[in-house]
Amino acid sequence: MSNVVIIGSQWGDEGKGKIVDLLSQQAGMIVRFQGGNNAGHTVMFGDKTYILHLVPSGILRDDTKSVIGNGLVVDPGELLKEINGLKKMGIECRGKLFISDAANVIMPYHKLLDGAREDRLKGNKIGTTGRGIGPAYEDKVGRSGVRFADIENNSVFKEKIDLFVDDKNKILKFVYDYNGPLLEADQVFEELNQLNLDLAPYICDTSELIAEEIKQGGHVLFEGAQGTFLDIDHGTYPYVTSSNTVAGGACSGSGVGPTKIDRICGIVKAYTTRVGEGPFPTELFDDTGKFLAKEGHEFGATTGRPRRCGWFDACMLKKAIRVNGITDLAITKLDVLDKLETIKICTAYQDKQGNTYTTIPSKQSIQKELTPVYEEVPGWQSQSSGLTDYEELPENAKKYIARLEEILGVQTCIVSTGPKREETIVRKDLF
Ligand code: GDP
Ligand code: IMO
Ligand code: MG
């Protein structure tokens with residue numbers, strides 16, 4: 001029995017969906033523990049492509065249970081759309097998907113507030129996904145959230161919704177000068193009750209369910225969303241999401257004690273990408289940046305926005321290894337580098353005063369002005385794409401991986417050589 005946490009080691013979109021799908025072949029249960037439908041996890045096999053936003057990537061396997069843990073903020077309407085979309089593609093969620101009764105609900109006003117706040121920030125906006133994530137987490141922490149367990153079709157709960165809607169309408173109108181149509185409390189209440197009824201067969205105490213699975217000796221896989229540098233505490237604040245994306249979040253976001261976790265697998269792209277605003281020291285604005293975006297099809301799986309691209313940042317990775325306690329690395333998108341003559345690895349940064357840093361400093365004004373210090377290694381200019389045997393990789397591709405392992409002090413368990421499930425090299429069994 002082994003319980004493994006999968007987390008993003010950069011700014012998200014590292015290929016977590018692909019790796020979770022791959023490993024879910026061995027796991028009995030897959031648990032999402034934070035975030036919401038800001039996530040977009042792509043899984044490809046055969047001629048099929050699935051993009052999952054809230055439903056764990058393990059749902060595609062017949063004999064797995066999938067859990068949406070208490071740490072998520074759930075947009076019930078979007079979740080139902082996703083469940084129905086999966087059904088159309090032949091994947092049945094009933095009996096396989098379980099939603100925590102303690103998960104918080106993304107309310108319609110959260111989405112309006114997300115957009116209104118971004119508009120107001122203008123040049124300082126975060127570049128959110130617009131899904132209402134930040135405002136929903138604010139209400140959770142402010143104890144004015146709505147949890148699935150607490151939705152009731154009665155006058156006491158209705159009074160609460162009246163109050164919440166009235167407060168948010170005032171904020172939208174008077175703080176944000178929002179001049180779109182405001183929300184009607186009665187309508188919000190009715191819709192909430194209907195969505196709750198539709199989702200009722202899936203809602204339960206998922207912490208108990210996970211404990212039972214562990215007791216029975218099944219492997220549990222925890223599927224992180226976003227990435228370490230989007231973490232509310234450890235990321236490039238304020239250009240982050242509103243949850244703890246690091247491995248520690250797997251425990252609080254699912255109701256499992258830290259002693260039950262055996263391994264932490266960090267997913268990392270062979271280069272770096274970021275969607276939205278915020279510092280990105282190794283970002284490339286030249287033809288190489290455009291090449292990575294084109295070869296890697298770097299467009300957001302949730303919003304379709306182009307992803308910013310740059311070289312591998314070992315300084316960031318060292319911090320990710322520390323704050324997550326990463327025991328193994330899965331390197332993805334190695335094939336995207338196949339045609340490059342040389343490849344750069346960032347091993348330090350310098351600021352404008354000439355100070356050197358080996359990890360990203362916390363101060364926002366310094367983060368913005370960092371210049372990367374690079375080590376340049378030869379490319380392989382031959383095909384790694386689609387390979388499934390490590391020994392068959394081009395020599396310089398093996399050297400690149402070995403050099404990253406040497407700098408980071410962590411071994412790779414998986415090397416991904418293409419978007420499809422079958423385009424993978426497994427070097428070590430995680431379970
Ligand atoms: P996630 O959010 O971490 O699950 O990642 P996304 O699904 O948002 O983005 C990763 C993208 O890279 C998806 O389009 C995947 O299909 C694709 N992908 C994953 N692994 C590989 C790989 O090894 N090579 C290539 N070329 N594409 C990959
Ligand atoms: P997956 O799970 C990449 C980014 C947004 C924005 C910031 C805050 O697919 O890796 P939010 O809507 O969460 O308040 O936006 O976080 N962001 C992601 N970037 N991948 C994601 O998820 C992301 N989820 C949020 O672009 O910069
Ligand atoms: Mg994604």
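In the predicted model, a polar backbone atom of Gly40 lies 2.8 Å from an oxygen atom of ligand 1. Two further backbone contacts to oxygen atoms of ligand 1 are found at 3.1 Å: one involves a backbone N or O atom of Glu14, and the other a polar backbone atom of Gly418. The protein buries 92% of the 590 Å² that ligand 1 exposes when taken alone.

The shell around ligand 1 comprises 19 residues, with Lys16, Gly17, Thr42, Asp335 and Ser416 the closest. By class, eight of the shell residues are polar, seven are charged and four are nonpolar. Two secondary-structure elements, helix H1 (16–23) and strand S3 (41–45), each contribute at least two residues to this shell.

Aromatic pairs were searched for across the whole structure, and five were found. One of the pairs is formed by Phe157 and Phe189; the ring centres are 6.3 Å apart and the planes are at 45° to each other, a tilted arrangement. Phe157 belongs to helix H5 (residues 155–175) and Phe189 to helix H6 (residues 185–199), and the pair therefore ties together parts separated by 32 residues in sequence.

Notes. Residues numbered from 1 in each chain as written. Chains lettered and ligands numbered in written order. Predicted model: local features only at pLDDT ≥ 70, side-chain atom pairs only at ≥ 80, totals over all residues. Heavy atoms only, no water. Near = heavy atom within 4 Å. Polar contact = N/O pair within 3.5 Å; in protein donor to acceptor, adjacent residues only side chain to side chain. Areas by Shrake-Rupley, 256 points an atom, 1.4 Å probe, with all protein chains shown as cover. Helix = DSSP H or I, 4+ residues; strand = E, 2+ residues; numbered from the N terminus. Nonpolar A, V, L, I, M, F, W, Y, C, P; charged D, E, K, R; others polar. Phe/Tyr/Trp six-rings, centres within 6.5 Å; stacked < 30°, edge-to-face > 60°.
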